Amino acid sequence: MGDDRKIYFDHQASTPVDPRVFEAMIPYFQERFGNPSSHIHTEGVRANQALDAARGQVAELVNSETDEIIFTSCATESNNLGLRGFLKANPDKGRHIIISEIEHYSILNQALKLKDEGYEVSTLKVAEGGLIDPEAVENAIREDTALISVNLANSEIGTIQPIKEIAEIAEKHGVFFHADGAIAVGNIPIDVKELGIDALTISAHNFYGPKGIGALYLRGGNNISPIFEGGFQEYGMRSGTENVPGIVGLGVAAELASIEMPKRIEHLQKLGKMLWKGLEEEIEYINFTGHPIQRLPGHISFWIRYIEGESLLLMLNIKGVMAASGSACSSNLKGADEEDLAASHVLTAIGVPAEFCSGSLTVSMGKDNTEEEVRYLLDIMPEVVEKLLMMSPLYADKLRGKDPYSK
Amino acid sequence: MTDKAFPYSEKVMDHFMNPRNMGEIDDANAIGDVGNPACGDMMRLYLKIEEDKIVDAKFKTFGCGAAIATSSMLTELLKGISLEEARAISNKAVAEALDGLPPVKIHCSVMAEEALAAALKDYEARSGGNGSN
């Protein structure tokens with residue numbers, strides 16, 4: 001084909017910074033470089049004003065109060081501050097926490113660490129579509145449950161959780177409820193008041209803002225302790241000189257998301273439907289993962305019987321399409337040894353056997369993707385899949401009547 | 001693709017995109033079937049051996065880019081050599097012939113070595129034991 005096409009379908013990993021966001025950030029590197037803590041001089045005041053404005057824009061996006069937003073360095077930090085900060089401030093709340101088995105590593109590994117420190121962790125199972133059952137949450141709550149944390153939407157399978165129902169249960173039992181909104185905020189409507197959650201993780205680079213900046217919504221604004229020792233920034237809950245350009249970028253990205261969200265969602269749902277339908281028609285051995293309806297717009301995830309995910313990803317990349325795989329073999333290519341390879345915990349959680357979930361692919365589209373790009377992917381998929389099927393001993397077995405997938 | 005940040009060498013990518021000797025040998029007299037289901041890798045090596053010489057080698061592999069490339073390279077190395085020489089082929093030799101593999105992918109070359117060992121064992125069983133199947 002010889003074209004230098006580059007199609008980016010990995011928006012769950014990161015999104016490009018919107019040019020309007022970038023434009024707004026530029027002055028804060030050189031002209032308006034002041035430290036917001038320098039309250040007395042003009043540059044400091046201007047930096048402070050920028051912070052206030054951004055806080056307002058983020059608050060508007062999630063319908064919180066302005067002083068309920070704390071800026072952090074990323075979603076991982078927000079997840080750590082949300083959980084650890086709360087536990088630190090509330091040592092008497094109990095030693096039990098509840099998470100789900102399809103959380104991000106910043107929650108899973110934190111829970112492991114908390115276990116080492118004497119906390120008990122209940123890890124909720126999810127149903128086939130990746131949904132957490134609110135009733136299971138209620139059943140897991142104990143007298144000494146300090147907090148619940150679940151992801152609002154899952155990046156790998158796109159499933160959106162019944163957050164409002166879980167929040168009602170948490171509230172009923174007086175348990176602090178944190179939702180990891182890293183890939184949801186800015187992409188789907190989120191109203192913290194309506195949802196009734198206590199804390200929410202926000203990530204700028206997942207909705208056309210820059211990397212290196214995140215936020216944490218905290219209901220009431222002051223129920224956590226800082227996890228860094230330092231100065232008095234961010235209401236004393238997150239010390240360290242603020243990343244002013246990043247915060248300005250997050251603010252503008254939030255404002256654009258507030259304004260453009262309905263249009264973006266409509267566009268992405270259209271692309272998602274087109275891809276889903278096309279793949280279903282073209283690819284014989286496809287199995288879609290995640291929830292068919294309760295899912296992120298423009299997010300399609302699936303695995304293909306008899307073929308492996310990383311090889312599929314590599315071939316698509318050569319043809320100019322960048323997507324993600326839940327394949328164990330592509331999970332950490334830069335790792336030191338095999339210990340760094342593990343089948344996706346999300347896919348095994350939704351019942352895909354480890355040896356078969358290696359064909360998994362996540363296509364996450366963004367606001368600037370086009371129908372033509374979806375059509376291109378649909379055009380090249382059958383040929384790529386066919387090539388891998390021809391190489392596969394599993395497929396050869398299937399043709400001989402020994403299908404490894406029908407047990 | 002020559003980008004240093006990219007984990008695979010150009011040779012790996014070449015063998016992945018244009019695998020040599022992919023397929024099956026209908027009258028193979030040595031088959032090595034090995035797999036690592038936890039990682040999702042599976043390799044089947046077919047050899048045609050005549051008078052202690054490997055006259056043909058083919059493979060089918062389910063796996064990542066490195067698994068496919070090592071399978072392809074292994075068959076290239078095996079074609080036309082003696083059984084004696086084949087026994088001396090190590091996973092390291094396969095990885096080196098591909099200009100190296102990322103550390104996490106070394107197991108793919110180990111799988112190639114195992115497939116070869118399994119095929120040679122199969123050959124011995126066939127020729128030593130009951131003759132042809």
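Analyst: The discussion below takes up a sheet, then salt bridges, then a charged surface patch. Please note that this is a predicted model.

User: Which strands form the open sheet in chain A, and in what order?

Analyst: The order is β9-β10-β13-β12 of chain A, with antiparallel pairing. Because β9 and β12 (324-325) of chain A each have a single partner strand, they stand at the edges, and one side of each has no neighbour in the sheet.

User: How many bridges join β10(A) to β13 of chain A, and how many pair it with β9 of chain A?

Analyst: β10(A) is joined to β13 (residues 361-364) by 4 bridges, and His299(A) has Ser364(A) as its bridge partner there. With β9 (residues 286-288), β10(A) pairs over 3 bridges; here Trp303(A) is the partner of Asn287(A). Further along the sheet, β12(A) and β13(A) pair over 2 bridges, with Ala324(A) opposite Thr362(A).

User: How should I read the two faces of a strand?

Analyst: In a regular strand, side chains alternate between the two faces of the sheet. In β10(A), His299(A), Ser301(A) and Trp303(A) lie on one side, Ile300(A), Phe302(A) and Ile304(A) on the other, and all are buried. Thus 6 of the 6 residues of this strand (299-304) are buried.

User: What is the general idea behind a salt bridge?

Analyst: Side chains of opposite charge can pair when their charged atoms come close. The count over all chains is 32 salt bridges. One of them joins Arg142(A) to Glu120(A), at 3.1 Å from N to O. This pair links distant parts of the chain, 22 residues apart: Arg142(A) is in the loop between α5 and β5 of chain A, and Glu120(A) is in strand β4 of chain A.

User: Are the partners of the Arg400(A)–Asp397(A) salt bridge buried or exposed?

Analyst: Arg400(A) is partly exposed, at 46% relative accessibility, whereas Asp397(A) is buried, at 11%. Their N to O distance is 3.8 Å.

User: Which residues are linked in a network of salt bridges?

Analyst: The network links Asp18(A), Arg20(A), Glu260(A), Arg264(A), Lys367(A) and Asp368(A).

User: Which residues gather in the patch of negative charge on the surface?

Analyst: Glu50(B), Glu51(B), Asp52(B), Glu84(B) and Glu85(B) form this patch. Among them, Glu85(B) belongs to helix α3 (residues 83-87) of chain B. Patch residues must have over 30% relative accessible area, and Glu85(B) is partly exposed at 46%.

Notes: Residues numbered from 1 in each chain as written. Chains lettered and ligands numbered in written order. Predicted model: local features only at pLDDT ≥ 70, side-chain atom pairs only at ≥ 80, totals over all residues. Heavy atoms only, no water. Patch = residues over 30% accessible without salt bridge, like charges linked within 9 Å, V, L, I, M, F, W, Y side chains within 5 Å. Areas by Shrake-Rupley, 256 points an atom, 1.4 Å probe, with all protein chains shown as cover. Salt bridge = Lys/Arg side-chain N within 4 Å of Asp/Glu carboxyl O. Lys, Arg positive; Asp, Glu negative; His and termini not counted. Charge placed at Lys NZ, Arg CZ, Asp CG, Glu CD. Buried < 20%, exposed > 50% of the residue type's maximum accessible area, 1.4 Å probe, protein only. Pairing = 2+ DSSP bridges.
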